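Hi,

Here is the structure I promised to pass on to you. Have a look at it first, and then read my notes below.

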There are 2 protein chains.
Amino acid sequence: MSDLVTHAHTLDAHDPLAAHLDAFVEAPGVSAYLDGNSLGRPLRDLPERLAAFVQNDWGTRLIRSWDEQWMDLPTELGDRIGRVALGAAAGQTVVADSTTVLLYKLMRAAVAAQPERTDIVIEEGNFPTDRFVAEGVAAEHGLTLRWISPDPIAGVQVSDVKAVVSEKTALVVLSHVDYRSGALADMKAITDAVHKTGALMLWDLCHSVGVIPTELDACGVDLAVGCTYKYLNGGPGSPAFAYVNARHHGLLRQPIQGWMGAGDVFAMGDAYAPASGIRQFISGTPPVLGMLAMQGMLDLIEEASIEAVRAKSKTLTDLVVRAFDEELAPLGVRLLSPRDAAERGGHVTIGHPDFAEVTKTLWADGVIPDFRFPDGIRLGLSPLSTSHAEALHGVLAVRDALV
Amino acid sequence: MSDLVTHAHTLDAHDPLAAHLDAFVEAPGVSAYLDGNSLGRPLRDLPERLAAFVQNDWGTRLIRSWDEQWMDLPTELGDRIGRVALGAAAGQTVVADSTTVLLYKLMRAAVAAQPERTDIVIEEGNFPTDRFVAEGVAAEHGLTLRWISPDPIAGVQVSDVKAVVSEKTALVVLSHVDYRSGALADMKAITDAVHKTGALMLWDLCHSVGVIPTELDACGVDLAVGCTYKYLNGGPGSPAFAYVNARHHGLLRQPIQGWMGAGDVFAMGDAYAPASGIRQFISGTPPVLGMLAMQGMLDLIEEASIEAVRAKSKTLTDLVVRAFDEELAPLGVRLLSPRDAAERGGHVTIGHPDFAEVTKTLWADGVIPDFRFPDGIRLGLSPLSTSHAEALHGVLAVRDALV
């Protein structure tokens, strides 16, 4: 075990991103925060940023700020996320709504554009909201849901997808990183396989955005959604983003037609005419306050580079897997994530029948992983806010709570 | 004119709510803010509230806050809005999404529950997003839109509604206060007339919530939506609220089925089973940050009472109408709002061909009304943050910009 501690300290001593650890708000009483994959930590300068917003942008410029800055914020911030984290050229990404609402809009748009195709393909272990929305959209359109059943640890492989897609498939919906196992899907190969059948591909990036460099344009992805409160640290319930590849603009039409997605917002015209480009995927008034916190984190990621973030994510999860092997496997804990860092995202999942109780103990003691029913603990390691020592401390605390 | 000034000062001297004027952030350079009906002003203590939230609830409690407080925030805050401003018993109001998205969900739920009825009735001058959503929902369900065409100043009367509704009507969608004229609709009489045909009634409360006491339960209203960034001062793009009368729970089903509206959110079950009660109308992760600012304003309204807010709203708009008569009518300005305070909400609209230019001048000079295409100026008077002297100053500034 002292080897592990030495190893963690060595990794921290050589961590090129270590200076950023101080950028986050301190959490008194918390010795290991291992849930950055559910809720990223706030930046230290956020209270000042919020106060300036309240005093100036909102409190003094008042309604004038809509003209001066807020009307374009959803697309400007979308472009920024696209550039920093998604490999998406400008004009294809917008911040709006929640992941669930954006999934609904994009799924509806995709199936409505292909009335001759009768299937939606989705993975049976996909995040519930993805499955629930797909189930609802399929019912509305009289479509059939076809299920991919991958290995629960390895996650979806291109062969799993090929076994289910056909010329009847309208849309395939998959998560880039599995919310349970952390398995990382091969975006390019799967998107290519889907396109060979003529179907559209919708990626859920909730568990990869901000921690995995993604190349949406280069992979030819059609549609993507993701949330901003995990690795983008936007705060609880901050709005989601949608990516719609430019080749589909004007061809796909989303169903929630509101004033903010209209061509001329203030014309107050008689009939809805959608805006051109990505704006059409907005419905209501943009959630401006919820768009502030993520901006500081995007600054940090841009400064560090998403590639460096990914590199640290690998050393963090490798350390956790090594500590698992040495300290947890002997206690009967199961590894529920891929062993190869290239095949997983930013979290490592482990299983044990006592983990519901263990999580309660850990939370009370200030070690905060994420519990997933029925017996999983996710160790989520947000690279910019987590040291190797902290990650190791979390694993050892799990061990101590078990013995 | 000196009479007007004296009158305004007398009203301020006897204003029981005058002490609350200091509760709002100062706006340097702004001598009259007359757009509280578009974007309410932030409270002075909001930066502290946000800082405490960032340090404690988010930054220190971290993911634990979902269990400790955030999961119930949408319904607790909904109940609070219901109690303070809507005349709605607990369990029927929820904060979520945007007005547009909630309009979509409720309209879809309402028409899907009555497949034998073929019409949606809406007013031709209703706010664009209401009309655009209705247009989209009607197209999805193969329904007919029937238009009410009221007098543009007096607004929708019960006779206008009776002339259009029939046993074919599934749903009537109207605004409680007209966003242009400020005309206040007779909620009880219109809801009764709609119910006589067996249709459902959906009220848009965006321009009345927080300034007009509303009695949703007593009026037997079926459905309502509203925004929180006008008279509830929730900040730009703060989330909206939906009211669904308890008698419809379990019978109306909204289409965007997400994990946060499921019966057991963390079961991650196979198929979507909606939560009971109002929770079912939630879809995605609640926008927690956007729910903070309105809480301070709800405190203020509760302390002052919504009836006292309404009383001051009447003296404010009466003063503006009197000043209009004396100072603006002689210059050819038209009054586009009802003359009787009992028949209007919190804003007064005036018209003149030069108002696009006038608004630019006023904004640059720190007098901030709202311009509405093609030639309207709305003078929105949020009672808790606006003095009579400020309202009068705004009218006189309009006069000075015209001559």
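**What I found**

In chain A, the residues A:Thr99, A:Thr100, A:Leu103, A:Tyr104, A:Met107, A:Arg108 and A:Val111 of H5(A) meet A:Thr129, A:Asp130, A:Val133, A:Ala134, A:Val137 and A:His141 of H6(A). Here, "in contact" says that two C-beta atoms, placed from the backbone, lie within 7 Å. Helices (H or I, at least four residues) and strands (E, at least two) are DSSP runs, numbered from the N terminus. That contact has seven nonpolar, four polar and two charged residues; Ala, Val, Leu, Ile, Met, Phe, Trp, Tyr, Cys and Pro count as nonpolar, Asp, Glu, Lys and Arg as charged, and the others, Gly among them, as polar. The two helices, residues 99–112 and 128–141 of chain A, pack at an angle of about 35° with their axes 10 Å apart. (Axes are lines fitted to C-alpha atoms, for helices over the stretch in contact, and angles run from 0 to 180 degrees between N-to-C directions.)

Before going on, some ground rules. This is a predicted model: local features need pLDDT of at least 70, side-chain atom pairs count only at pLDDT 80 or more, and totals for chains, interfaces and linings use all residues. Residues are numbered from 1 along each chain as its sequence is written, while chains are lettered from A and ligands numbered from 1 in the order in which they are written.

Now, how do the chains meet? 63 residues of chain B are in contact with 63 residues of chain A. On chain B's side, the elements giving two or more residues are helices H2 (46–58), H3 (64–70), H5 (99–112) and H6 (128–141). That side has 38 nonpolar, 18 polar and seven charged residues. All of it is shared: 100% of the interface residues of chain B are also interface residues in chain A, so the copies meet through the same surface.

Next, the core. Of the 268 residues in the largest nonpolar core, A:Met107, A:Leu202, B:Met107 and B:Leu202 touch the most other members. Such a core is a set of buried Ala, Val, Leu, Ile, Met, Phe, Trp, Tyr and Cys residues joined through C-beta atoms within 7 Å, and buried calls for 20 or more other C-beta atoms within 10 Å of a residue's own (exposed is 12 or fewer, partly exposed in between).

Finally, the peptide bond from B:Phe373 to B:Pro374 is cis, with omega near 5°.

Cheers
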